[in-house]
Amino acid sequence: DGGITQSPKYLFRKEGQNVTLSCEQNLNHDAMYWYRQDPGQGLRLIYYSQIVNDFQKGDIAEGYSVSREKKESFPLTVTSAQKNPTAFYLCASSMGWVAGGPNNEQFFGPGTRLTVL
Amino acid sequence: AQSVAQPEDQVNVAEGNPLTVKCTYSVSGNPYLFWYVQYPNRGLQFLLKYITGDNLVKGSYGFEAEFNKSQTSFHLKKPSALVSDSALYFCAVRDTGHTGGFKTIFGAGTRLFVKA
């Protein structure tokens, strides 16, 4: 998990509430990713960012939003529009185009477990 | 569209025996293939990758994987399993023919149990 931190480790959300999950990396990576993990479904891509100030929707972006104002940070907001947000959320990063781009493996944070009350 | 299939939810093997965790993929261009391992309530850890070159790729902890283009497979193998190898294993693919390049698709995961 080294180099990427996620906070909080556990998060509880009430109905209708927006919550923001933090992801910070000190690996000097250009690319960052957010995944959702549900039992039996593996990891599903929510959003990814290849470079600062740019990001693209993944396969399940509805009800989520992100920003990439700094290279080190890629926060994820789970909005009230996300009807089933209870899941384990994983952030990852990898080197960018200058260093080989998609050749490079991802480094993952320890995850945030979000539960809707 | 790119996709990854891990046909086995669970693989059981005795310690000391060889293990195989299967993965097949579908992409429009050339694939970049990865294997990751996850221990309970943790993030994923990188094991190995295939980008180009030799079809047999060696990685961490004694694991290796064989790229087979004709069968569109990238099976993970280890000659002698350890109890400590018990974990959840994910295969992942990036499609060089897909715009963006960084989009990564993961399989559903295979749980490996190694019995002492």
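Which residues lie nearest the centre of the largest pocket?

## Largest pocket

In this predicted model, the residues nearest the centre of the largest pocket are Gln37(A), Pro39(A), Gln38(B), Leu88(B) and Arg111(B). They belong to a lining of 25 residues. Two or more lining residues come from each of β4 (31-38) and β9 (87-94) of chain A, and from each of β10 and β12 (110-115) of chain B.

The space in the largest pocket is about 490 Å³. By residue class, its lining consists of eleven nonpolar, nine polar and five charged residues.

## Extent of the interface

Contact between the chains involves 24 residues of chain B and 29 residues of chain A. Together the two chains bury about 2,100 Å², and carbon and sulfur atoms account for 53% of this area. Of the area that chain B buries against chain A, 30% is supplied by Phe102(B), Lys103(B) and Phe106(B), more than by any other three residues.

## Polar and charged pairs

Two salt bridges are counted between chain B and chain A. In one of them, the side chain of Lys103(B) meets that of Asp59(A), with an N to O distance of 2.9 Å. Lys103(B) is also one of the three residues named above for buried area. Eight residue pairs are in polar contact across the interface, with both residues at pLDDT 80 or more.

## The chain B side

On the side of chain B that touches chain A, β5 (31-38), β6 (44-50), β10 (87-95) and β11 (104-106) each supply at least two residues. The largest share, four residues, comes from β5(B). This side of chain B is made up of twelve nonpolar, eight polar and four charged residues.

Definitions and conventions. Residues numbered from 1 in each chain as written. Chains lettered and ligands numbered in written order. Predicted model: local features only at pLDDT ≥ 70, side-chain atom pairs only at ≥ 80, totals over all residues. Heavy atoms only, no water. Contact = heavy atoms within 4.5 Å. Buried area = accessible area lost by both parts, 1.4 Å probe. Salt bridge = Lys/Arg side-chain N within 4 Å of Asp/Glu carboxyl O. Polar contact = N/O pair within 3.5 Å; in protein donor to acceptor, adjacent residues only side chain to side chain. Nonpolar A, V, L, I, M, F, W, Y, C, P; charged D, E, K, R; others polar. 1 Å grid on protein atoms, 1.4 Å probe; cavity = no way out; pocket = protein on both sides within 12 Å on 5 of 7 lines; lining within 4 Å. Points joined across faces, edges and corners; volume = space filled by probe spheres on them.
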